[in-house]
Structures are given as C-alpha cells and as structure tokens.
Amino acid sequence: MNDIFENKSVLITGGTGSLGKYFTRYILTHFNPHRVVIFSRDEYKQSMMKQEFAQYGDKLRFFIGDVRDKDRLLRAFDRVQIVIHAAAIKQVPTCEYNPIEAIRTNINGAMNVIDAAIDRKVECVVALSTDKAVNPVNLYGGTKLVSDKLFVAANAYAKISGTKFSVVRYGNVAGSRGSVIPFFEKLMAEGKTTLPVTDVRMTRFWIDLEQGVKLILKALYTAVGGEVFVSKIPSFKVTDLVKAMNPDGSIEEVGIREGEKLHEVMITDVDSRRTVELGDCYVIMPEFSWYKPNEEIKAGKKLPDEFVYSSDKNTSWLSVEQLQEKLKLYRKK
C-alpha cells in the first residue's frame, strides 16, 4: 500500500475524539504526513492531546474552531489536502433535547465543510456516518442522514476543484466515549454486580478503533467520490457482552430507550441494489448519472436481491469467549 499521506497535510474535524486520536496516532506511526491538523472547539481536550502526542510535536497543529463557522474552516483548510470529518453532536438524548443545536452542527456544519473543501481545493474528504442514519428513528440519525446525502451530492459541485467526497458508516466503536463498554466498566468499578440491558433481544455490530481507521483508509484509497463504505464486521448479543464482562453477575432488563433500535442496520434492501462487496467492506454507489465507478469497484461482487446488512441478520457472530478475547485486546490499547 503506497503512502497516500506522503508530504500531505491532513485535517481532522472533531480530532480530539476517540477515533480522531487513534487515527492521528495511526497515520503518524505508519505513514509520513507533512502535518496533521486537529480542528475542534474544546481547548482543554486539545491541551491534553498536545501533551499525549508531544513526541509528534513537529507534525501536529491544533486549531480551535467550530464547524458552524465557515470562515474558520476556510482558514484551517488552507493548504490541506485530506480532511476527515468526525465532528458531530452524537448523543441521542442530547440531540432530542437540543434539536436546533444538532442541526447547526451536524447539517449546517457539514455544508460548511463541503463549501470550505471545494473553495480550498482539498483533494479528499471522508465523512464519518453512523448506522443511525439508516431508517432513522431519532434526530441524531435524521441529521446524519441529511449529512450523508450532502457529502454524496457534493461531488456534483466539486468537478472544477477536483475534491472527492465519500462517507464511511459504522455503529458505536468499541470503547469510544458514549459506547456501552466504558459504561459497564464504570458500573462494575462502583461495585455493581447487576448490569442494565435495555432489551435482552438487542444485537450490535463489533468494530474497534483500528477497524474504523482502516475503513477510512479504504475510502481514501478506493473512492471515486460519492460512495458510502461499510465494514464487514461480526455481530454480538448485548447479553453476551454482559456475560463476557461480568461472568459472575446478572442482567437487569430496563426497557428500550426512546429513539433506540433493537438492531443496527448498515445497508437496507433498497441500498443493496447499488452495493458491491469489496474484500472486507461493502461499497454503496450513488444513484447520480455523473457517477462512474473505477475498475476496482466495478470488479466488486454484486449483492443478492433484497440483501439487508443488519446486526441481527449477520452471518458472522462473536461468542462470549470471543468477546472476552476482544475485550482483552481493547484494554491493552
């Protein structure tokens, strides 16, 4: 694999988050970027990250800014070739209680990233999405659905600048802030022996930070512009995760929360008509007349009619023992 980052400037919006930090460390370890710009609005998290990444000080830059502020994005994107857009208001209850703020960040912010990238002639933009954007039942999912549509359609406006926009989609990354693993660990540290599960039928996909980063790299190397990339990953039962983390404890079913789904859906039967299987991922192609897939995507395996990629209908599952092994690896990182 050639070094797509060689002598390039990379900017990560929301770069102080779990995936942003892991992505930063990964590319600084495995590649040779000219600089990596962390763009976020939290000065404390930037200060902590600057200390944590002190050994890379000559390559790291930190910009205080908000994706709602287009002028600041225009300044930050100057002489940047690659943008990873990870900034978002992600907590479902927060979005429900603050809908206008969610729209300003997740939708208006996406529009600003697109405009700034085209105006500054950024080469590639990869936007992070979520399973909640598929058949959304809450505002967070609704805003990310709109964001995804904006990034896909942006390719029609970027022909002169040459900017490529693509999207990567996955569920909660194992161990990231807001995911269930740190929540369960906190309860266990407090001495709780009974862990709450909203519904015992619930299933989820397992994706860790490294897999999330590799999906971004896949998009950077493969995208023509307009595709949505989805990792092929195993599923697990949430009750099995509890057993893996707390084998001597018990489970309390507390009832499904508003805006919560029983299962994660990544690809619908409608999307599957324009989706191909490409190695360790799926690629959903846009339905626009301007889209022309490259040879690699053309060579992808067509999916069966009415294929649905959801955590309950997956063909790959993690057992309790396999989850315990995954947890050991997660805790080492």
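Reply: In the largest nonpolar core, which has 80 residues, those that touch the most other members are Phe5, Phe23, Phe77, Tyr170, Ile216 and Leu220. A nonpolar core here is a set of buried Ala, Val, Leu, Ile, Met, Phe, Trp, Tyr and Cys residues joined through side-chain atoms within 4.5 Å, where buried means under 20% relative accessible area, exposed over 50% and partly exposed in between, with a 1.4 Å probe and protein chains only. Helix 8 (residues 209-222) gives this core its largest share, seven residues; helices (H or I, at least four residues) and strands (E, at least two) are DSSP runs, numbered from the N terminus. The model is a predicted one, so that local features need pLDDT of at least 70 and side-chain atom pairs count only at pLDDT 80 or more, while totals for chains, interfaces and linings use all residues. Residues are numbered from 1 along each chain as its sequence is written, and side-chain values use heavy atoms, with hydrogens and water left out.

Beyond its neighbours within four places in sequence, Phe23 is in contact (heavy atoms within 4.5 Å) with Phe5, Val10, Ile12, Ile84, Val213, Ile216 and Leu217. A second core, separate and made up of 18 residues, has Ala174, Phe236, Leu318 and Val320 among its members.

As for the aromatic rings, the whole structure holds 12 aromatic pairs, where rings of Phe, Tyr and Trp (its six-membered ring) pair if their centres lie within 6.5 Å, and planes under 30 degrees apart count as stacked, over 60 as edge-to-face and the rest as tilted. One of them is the tilted pair of Phe205 and Tyr309, at 4.8 Å centre to centre and 45° between the planes. Because Phe205 lies in strand 8 (residues 203-205) and Tyr309 in strand 16 (residues 309-310), this pair ties together parts that are 104 residues apart in sequence. Phe205 counts as buried at 3% relative accessibility, and Tyr309 counts as buried at 4%. Phe288 and Trp290 form a stacked pair, 5.2 Å centre to centre with 10° between the planes, and Phe288 is partly exposed, with a relative accessible area of 39%. Ring pairs also link Phe205, Tyr282, Phe307 and Tyr309 into a cluster.

Turning to the cavity, its lining consists of Cys124, Val125, Val126, Lys164, Phe165, Ser166, Ala219, Leu220 and Ala223. Strand 5 (124-130), strand 6 (164-170) and helix 8 each give two or more residues to the lining of this largest cavity.

Terms used. 1 Å grid on protein atoms, 1.4 Å probe; cavity = no way out; pocket = protein on both sides within 12 Å on 5 of 7 lines; lining within 4 Å.
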